[in-house]
Amino acid sequence: MGIIRKLASQTAIYGLSSIFGRFLNYLLVPLYTYYFSAAEYGVVSEFYAYAGFFSVLLLFGFETGFFRFRDKESPGRDVAYSTALIFVVLVNLGFFLLIRWLNAPLSAALHYADHPEYVLWFATILTLDAMTAIPFARLRAENKALRFASIKVIEIMITILLSLFFIVYCPKALEQNPESWIGRVYDPAVGIGYIFIANLLASLFKFLLLTPQLKGLAWGFDWQLFKRMLRYSLPMVVIGFAGIVNEMLDRALLKYLLPYDEVTNLKMLGIYSACYKLSVLMSLFIQAFRYAAEPFFFAYADNKDARKVYADVLKFFVIFCVFIFLMVTLFIDFFKYFIGEEFRAGLEVVPILLLANLCLGIYVNLSIWYKLTDRTVMGAFVSFAGAALTVVLNVWWIPTLGYVGSAWATLACYGMMVVISYLLGRKYYPVAYDVKRVIGYAGLGIALYLAHDRLPVNAGQPAWLSSIGLMLVYILSVVLFEGRRIAVRPA
């Protein structure tokens with residue numbers, strides 16, 4: 001259990017930025033959903049969906065490629081780092097110039113001809129974020145989790161403060177004193193654009209904080225190493241792109257496939273996206289886990305007990321994710337107030353999306369089979385199969401089931417990927433996962449959630465009382481079956 005505790009501590013530190021930090025950012029959801037309409041929030045959701053796709057394409061998988069080829073012996077002059085960094089910087093500068101050149105026709109094609117600035121602002125955000133991804137990867141590789149987390153938290157805090165300034169303070173200050181200095185920095189016509197501006201300025205500040213890491217550009221570019229990194233990393237683009245298809249495609253398609261007018265479609269998109277945020281605790285934990293687990297899996301692979309440790313990691317990962325699932329679903333009457341009343345019509349998708357994220361987290365654990373055996377091409381095929389299923393199911397279900405169909409499509413996709421990855425892993429990198437307990441804990445969580453819908457009515461008890469009771473049932477079950485393992489201290 002000692003190595004599990006070490007991984008947990010690293011996950012907790014990364015969680016300072018991705019769970020705690022982004023939870024603060026998550027608190028902006030009430031701000032957006034109480035101050036803007038569902039249709040306006042739909043515009044924001046659409047752009048962030050597009051951003052997800054480009055965030056993968058603009059890195060070319062070199063984040064993972066750097067982990068694979070980095071020089072552990074000479075981190076002070078790591079040519080793999082400088083090669084990856086130079087390539088990513090050049091690609092993104094080219095991307096920004098291309099978007100600037102095509103801004104007008106691209107904005108018109110997206111039905112935002114009246115707001116071409118949205119496209120340019122987002123291109124700037126994407127460029128800055130991609131150019132900082134490799135420096136962030138180096139911080140992770142060197143176990144500088146606190147510096148990584150502090151920069152992430154600073155970025156998020158700037159986003160929050162600027163959002164509050166532009167969306168809450170400026171309109172009231174301008175109304176009270178139209179002649180004040182606020183009029184020189186704030187234009188009410190910008191509206192939701194201030195969400196983008198706050199993000200852009202925060203990304204710029206993050207870039208400035210990471211400029212010391214850019215000195216690695218001077219270490220040079222190794223063409224032969226670059227070709228090896230490219231061969232390894234390109235399949236990761238397919239994997240990452242397929243992952244974004246699974247995660248973001250629904251929000252990109254809803255505007256076009258829902259059988260209503262464009263304004264209503266954007267409203268439905270806004271409702272779905274806001275409710276999607278209620279599953280954020282699960283996705284943020286998975287992200288924090290991924291930050292810590294990816295370098296850990298590579299570094300621990302040569303140990304004799306590696307496969308046993310990987311099996312334990314998956315089991316305890318599922319235990320904690322089911323706890324998050326129950327916390328949100330059993331206490332949904334509390335969490336629903338994080339979004340505006342107009343958006344609560346879509347709460348039925350929250351349990352489905354939480355289960356989908358649980359499957360995604362399991363897949364992240366199972367994916368070690370192709371990363372550790374350099375079978376990234378096969379991993380890409382698994383992700384591509386999931387993406388294909390996502391496309392088919394969304395096109396099929398959105399016109400008839402609406403955004404609920406998108407939620408079920410997400411769950412079906414990740415569920416299928418878990419099954420395929422598990423079967424391939426048994427062949428190429430066998431790990432004795434405790435499948436019975438993994439399925440048992442997930443099944444117990446679903447059963448307790450379904451019971452929650454009936455107990456308050458049948459027993460005449462307040463919902464919160466039964467919620468606490470059902471949560472205790474789960475916790476006691478975990479203690480009963482895993483208590484000894486959790487209590488064991490490393491020698």
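Arg251 is buried, with a relative accessible area of 9%; buried means under 20% relative accessible area, exposed over 50% and partly exposed in between, using a 1.4 Å probe and protein chains only. The model is predicted, so local features need pLDDT of at least 70 and side-chain atom pairs count only at pLDDT 80 or more, while totals for chains, interfaces and linings use all residues. Residues are numbered from 1 along each chain as its sequence is written, and side-chain values use heavy atoms, with hydrogens and water left out.

**Salt bridges**

- Arg251 forms a salt bridge with Asp250, and the closest N and O atoms are 3.4 Å apart; a salt bridge is a side-chain nitrogen of Lys or Arg within 4 Å of a carboxyl oxygen of Asp or Glu.
- Asp250 also counts as buried, at 1% relative accessibility.
- In total, the structure holds six salt bridges.
- Another of these joins Lys255 to Glu46, with 3.2 Å between the closest N and O atoms.
- This pair links distant parts of the chain, 209 residues apart: Lys255 lies in helix α11 (residues 223–257) and Glu46 in helix α3 (residues 38–57). Helices (H or I, at least four residues) are DSSP runs, numbered from the N terminus.
- Lys255 is buried at a relative accessible area of 4%, and Glu46 is buried at 0%.

**A salt-bridge network**

- Asp129, Glu155 and Lys206 are linked in a network of salt bridges.
- Glu155 in helix α8 (residues 145–176) and Lys206 in helix α10 (residues 193–209) are 51 residues apart, and the pair links distant parts of the chain.
- Glu155 is buried with a relative accessible area of 13%, and Lys206 is buried with 3%.

**Nonpolar cores**

- The largest nonpolar core has 130 residues, of which Leu278 and Tyr310 touch the most other members. A nonpolar core is a set of buried Ala, Val, Leu, Ile, Met, Phe, Trp, Tyr and Cys residues joined through side-chain atoms within 4.5 Å.
- Helix α14 (residues 306–330) supplies the largest share of this core, 17 residues.
- Apart from neighbours within four places in sequence, Leu278 is in contact (heavy atoms within 4.5 Å) with residues including Tyr26, Val328, Phe335 and Leu347.
- A second, separate core of 26 residues includes Phe62, Ala133, Ile134 and Phe298.

Definitions and conventions:
Helix = DSSP H or I, 4+ residues; strand = E, 2+ residues; numbered from the N terminus.
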